[in-house]
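Biologist: Could you take me through the fold of this chain? I would like to begin with the sheet and then turn to the core and the helices.

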Amino acid sequence: MEAVYSTGHILPSILNGLVAAGKDPEHIGPDDLVMLEEFHTLGPMATAALAQASGIGPEDQVLDAGCGIGGPARHLARAYGCRVTGVDFTPEFVEVGNELTRRAGLADRVDIVQGDATDLPFPPGRFDVAWTQHAAMNIADKALLYRELRRVVKPGGRLALFDVVGGPIQPLHFPVPWADDPAWSFLEPADRIRDLVQEAGFGITLWEDLTEQAIPFFAAAAVAMAAPPGPLGIHLLVDNVPTKFGNLARNFEEDRARVIRCVAVAG
Ligand SMILES: C[S@@+](CC[C@H](N)C(=O)[O-])C[C@H]1O[C@@H](n2cnc3c(N)ncnc32)[C@H](O)[C@@H]1O
């Protein structure tokens, strides 16, 4: 998986990109990395919508499972005043995420650790909210993932989930942003995800299919990214972006994949 996500030079690329864009790399502002640090369908709009749907507030301790370079974690801490612990499998993302957090002045509220979302290094009931966006596509054992997220939230705590799931038509067109080939892609149908979330001990309070919004988002992004990239874009994190975004739009259009937003409460 590291081959999909890790380039080995993400931090210098981002810092150089900030300078080239006329921004201060020592004091990173809320919108400075908006083009690349929220690595999921609909970008920061999706994070804001999920935060509102799951009622995140200043008292919440939030776990972001599969947090990437921490853009959504910083967004949540800034906008809602919560404390966020991110966990990510990719060591380079963890290192970059913590350095960007420090440069954004948020190190007192956001911390990122390396780890596996199916084997979390936290005691039971440690968090108020288990949050995960667009990481489960790389995780084969989703029953274990949701059980682990249930374990680390308090009774009455929430699950906030935003993920790509499998559609009725298969297979996917590859490469996609999370996998170059089927070996790293583990999509399950929406109904199966729903069942697994409930079997893990969550009661679902919101279930929305956002695929109709995802299609134009990725189609437009694929076209925009076919032009020479600006200094700060998602191409600093993954290669072959126009092809991957184009395939994703096509997978959504042909009902090979869908996008689901879910909020659930731990019983
Ligand atoms: C498409 S990125 C999304 C990142 C972030 N959630 C966001 O929305 O910006 C998927 C992330 O999931 C992480 N990931 C995949 N499998 C994981 C696992 N088993 N445990 C923790 N992180 C994982 C990858 O390293 C990658 O950073």
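Modeller: What follows concerns a predicted model.

Biologist: In what order do the strands of the sheet run?

Modeller: The order is β3-β2-β1-β4-β5-β7-β6. These seven strands make an open sheet with mixed pairing.

Biologist: And which strands stand at the edges?

Modeller: The edge strands are β3 (110-114) and β6 (202-209). Each has a single partner strand, so one side of each lacks a neighbour in the sheet. From one strand to the next, the twist averages 15 degrees.

Biologist: In what sense do β2 and β3 pair?

Modeller: Strand β2, residues 83-88, pairs with β3 in the parallel sense, over five bridges. Within β3, Val110 is the residue opposite Val84.

Biologist: Changing topic: how many residues are in the largest nonpolar core?

Modeller: That core has 81 residues. Val62, Leu63, Val129, Ala130 and Leu159 have the most contacts inside it. Strand β5 (residues 153-166) gives the most to this core, namely seven residues.

Biologist: What does Leu159 touch?

Modeller: Leaving aside residues up to four places away in sequence, Leu159 touches Ala130, Leu149, Val197, Phe202, Val263 and Ala264.

Biologist: Now the helices. At what angle do the axes of α3 and α4 cross?

Modeller: The axes of α3 (residues 43-53) and α4 (residues 71-80) cross at roughly 55 degrees and come within 10 Å. The two helices are therefore oblique to each other, and their crossing is right-handed.

Biologist: Which residues meet there?

Modeller: From α3, Pro44, Thr47 and Ala51 meet Pro72, His75, Leu76, Ala79 and Tyr80 of α4.

How values were computed
Residues numbered from 1 in each chain as written. Predicted model: local features only at pLDDT ≥ 70, side-chain atom pairs only at ≥ 80, totals over all residues. Pairing = 2+ DSSP bridges. Helix = DSSP H or I, 4+ residues; strand = E, 2+ residues; numbered from the N terminus. Axes fitted to C-alpha atoms, helices over the stretch in contact; angles between N-to-C directions. Core = buried A, V, L, I, M, F, W, Y, C linked by C-beta atoms within 7 Å. Buried ≥ 20, exposed ≤ 12 C-beta atoms within 10 Å, placed from the backbone. Contact = placed C-beta atoms within 7 Å. Parallel < 35°, antiparallel > 145°, perpendicular 65-115°, else oblique. Left-handed = near helix turned anticlockwise from the far one by under 90°.
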